[in-house]
Amino acid sequence: MKTITLTQFLIEEQRAKGEIKPDLRLLLEVVARACKRISIAVGKGALGGVLGDAGTSNIQDEAQKKLDVLSNEILLQANAWGGHLAGLASEEMDEPSAIPDEYPKGGYLLLFDPLDGSSNIDVNVSVGTIFSVLRCPEGVSGSEEKAFLQPGTTQVAAGYAVYGPSTMLILTVGSGVHAFTLDREQGSFVLTERDMMIPEDTKEIAINASNERHWEAPVQRYVKECFEGKEGVRGKDFNMRWVASMVADVHRIVTRGGVFMYPLDAKTVKQGGKLRLMYEANPMSFIIEQAGGVASTGRERIMDMQPHKLHQRVPVIMGSKNEVEKVVSYHAS
Ligand code: P6P
């Protein structure tokens with residue numbers, strides 16, 4: 001079968017639709033190369049000497065794993081010299097990072113969670129990298145937080161790498177969602193699925209059910225009805241999955257449908273939710289919407305939110321259109 005690499009795909013998309021300017025193509029290829037390096041580091045496991053805690057914590061006061069810090073470094077170094085970026089922001093850095101003075105600056109901003117789900121690293125469960133691309137506003141430095149505070153609808157591109165049995169890169173530049181699988185012999189990402197679409201209905205939900213007593217009533221009602229199965233009002237049985245790696249759970253949903261929920265709960269209501277808007281919820285929402293799904297806080301479209309802080313947290317309910325719309329309708333009633 002004729003293989004199309006990420007580079008060829010990006011060039012052919014640019015030729016066909018003119019959406020991927022050279023600097024954006026460079027950015028996406030640099031991020032893909034960084035994800036290859038992260039995949040190699042993650043894949044070494046205990047042999048790489050990078051498991052366990054780094055002994056530091058991030059702005060959310062969560063213990064950082066050595067691989068969190070390493071993955072962050074890999075993405076910073078990979079993106080420093082290309083001249084395509086005005087600045088970078090990461091879950092693992094309190095403040096945005098400027099491009100070193102010795103390198104030229106470009107017009108894009110890159111935001112990322114370098115290793116999402118890293119609590120799963122030490123137990124050998126899939127983790128991933130999530131990234132979002134914005135344009136740097138005119139006249140604003142890419143090292144200033146305010147440059148990044150743009151709604152998800154302004155994203156130029158978004159994607160994630162999932163380090164599972166295979167390493168995959170899932171990408172959108174605003175015209176569909178496309179999947180690339182890492183060919184380890186060639187060392188390149190090869191197109192394995194174009195225009196992924198999420199089924200509008202599903203029988204599979206993903207939520208950390210141990211938080212049930214902390215959820216708001218609409219979510220308690222929705223999940224209870226799903227668990228009541230065909231004897232209940234839904235008239236069908238549901239299945240449940242919770243990997244506790246957003247990338248793994250969302251990738252399953254992009255691949256075969258489902259609903260991913262990390263709703264507001266009494267434990268996180270003060271912080272606004274558990275997951276981060278700028279480099280988790282927004283990029284995943286872009287992917288989900290481009291694949292025909294819906295991504296909501298329960299009360300509003302995630303990508304419409306005007307961010308106030310770089311590390312802002314939000315409730316997340318995303319996936320199969322008809323099911324997410326049902327959860328949203330319960331919030332409205
Ligand atoms: P819990 C990983 O730490 C993460 O940010 C997401 O990837 C994941 O969906 C969620 O938190 C898991 O949270 O409360 O189930 O451990």
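This is a predicted model: local features need pLDDT of at least 70, side-chain atom pairs count only at pLDDT 80 or more; totals for chains, interfaces and linings use all residues.
Residues are numbered from 1 along each chain as its sequence is written, and side-chain values use heavy atoms, with hydrogens and water left out.

The chain contains 8 helices and 17 strands (DSSP runs of H or I with at least four residues, and of E with at least two, respectively). Its radius of gyration, taken over C-alpha atoms, is 19 Å, close to the 20 Å given for 333 residues by the globule rule, so the chain is as compact as a globular protein of that length. The globule rule is 2.2 Å times the number of residues to the power 0.38. The C-alpha trace spans about 65 × 50 × 45 Å along its principal axes.

The shell around the ligand (residues with a heavy atom within 4 Å) includes Asp-116, Trp-242, Phe-260, Lys-274 and Glu-280. By residue class, this shell comprises 6 nonpolar, 3 polar and 3 charged members; Ala, Val, Leu, Ile, Met, Phe, Trp, Tyr, Cys and Pro count as nonpolar, Asp, Glu, Lys and Arg as charged, and the others, Gly among them, as polar.

Polar contacts (pairs of N or O atoms within 3.5 Å) place a ligand oxygen atom 2.6 Å from a side-chain N or O atom of Tyr-262. A ligand oxygen atom also lies 2.7 Å from a polar backbone atom of Met-246.

Methods. A polar contact is a pair of N or O atoms within 3.5 Å; within protein, one must be able to donate a hydrogen and the other to accept it, and residues adjacent in sequence count only if both atoms are side-chain atoms.
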